[in-house]
Amino acid sequence: MAYCFALNGSNKAFTRGMLPWELYEDPATGSAAGSLGAYLVQHGKLSPNEKFYIQQGVEMGRPSQIEVEVDQNWQETVPPL
């Protein structure tokens, strides 16, 4: 899956989740939304416990809004590589 995002302010993003080999687009990708939240916290673009809103599916006429909040202790639950 190709998951693309563009930040829109400090706590908003527009995203698209596409499967190019099937010409399919997902209107709301929860697993990718959670991963994006963790990525933004890791890179200092989002504070832990701050709510983050994702809009997806707009371009395909199936708009959705996903709310993400990364727990302050999220790194403690991630197993080491």
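Reader: Is Glu 25 buried or exposed, going by its relative accessible area?

Author: Glu 25 is buried, with a relative accessible area of 13%, where buried means under 20% relative accessible area, exposed means over 50%, and partly exposed lies in between, using a 1.4 Å probe and protein chains only. This is a predicted model, in which local features need pLDDT of at least 70 and side-chain atom pairs count only at pLDDT 80 or more, while totals for chains, interfaces and linings use all residues. Residues are numbered from 1 along each chain as its sequence is written, and side-chain values use heavy atoms, with hydrogens and water left out.

Reader: OK, and which residue does Glu 25 form a salt bridge with?

Author: Glu 25 pairs with Arg 16, and their closest N and O atoms are 2.9 Å apart; a salt bridge here is a side-chain nitrogen of Lys or Arg within 4 Å of a carboxyl oxygen of Asp or Glu. Arg 16 itself is partly exposed, at a relative accessible area of 29%.

Reader: What about Glu 59, which side chain does it meet in a salt bridge?

Author: Glu 59 also meets Arg 16, with 3.9 Å from N to O. Glu 59 lies in the loop between β4 (51-56) and β5 (64-69), whereas Arg 16 lies in strand β2 (residues 12-19), so this pair ties together parts that are 43 residues apart in sequence. Helices (H or I, at least four residues) and strands (E, at least two) are DSSP runs, numbered from the N terminus.

Reader: How many salt bridges does the count come to?

Author: The count is 3, and one of them joins the side chains of Lys 51 and Glu 67, at 3.3 Å from N to O. Lys 51 belongs to strand β4 and Glu 67 to strand β5, so here the parts tied together are 16 residues apart in sequence. Lys 51 is partly exposed, with a relative accessible area of 36%, and Glu 67 counts as partly exposed too, at 47%. Through shared partners, salt bridges also join Arg 16, Glu 25 and Glu 59 into one network.

Reader: Switching topic: which residues make up the largest nonpolar core?

Author: That core has 11 residues in all, including Ala 13, Leu 46, Phe 52, Ile 66 and Val 70; a nonpolar core is a set of buried Ala, Val, Leu, Ile, Met, Phe, Trp, Tyr and Cys residues joined through side-chain atoms within 4.5 Å. The elements giving two or more residues to this core are α1 (30-42), β4 and β5, and α1 gives the most, with 4 residues.

Reader: What do the buried residues of α1 pack against?

Author: They pack against β1, β2, β4 and β5, and among them are Ala 32, Leu 36, Gly 37 and Val 41. After α1 comes Gly 44, whose phi is positive, near 75°.

Reader: Zooming out, what pattern does the protein chain follow along the sequence?

Author: The pattern is β-β-β-α-β-β, from 1 helix and 5 strands. The C-alpha atoms fill a box of roughly 35 × 30 × 15 Å, taken along the principal axes, and buried residues make up 31% of the 81 residues in the protein chain. Among contacts between residues at least 6 apart in sequence, 48% join residues at least 24 apart.

How values were computed. Contact = heavy atoms within 4.5 Å.
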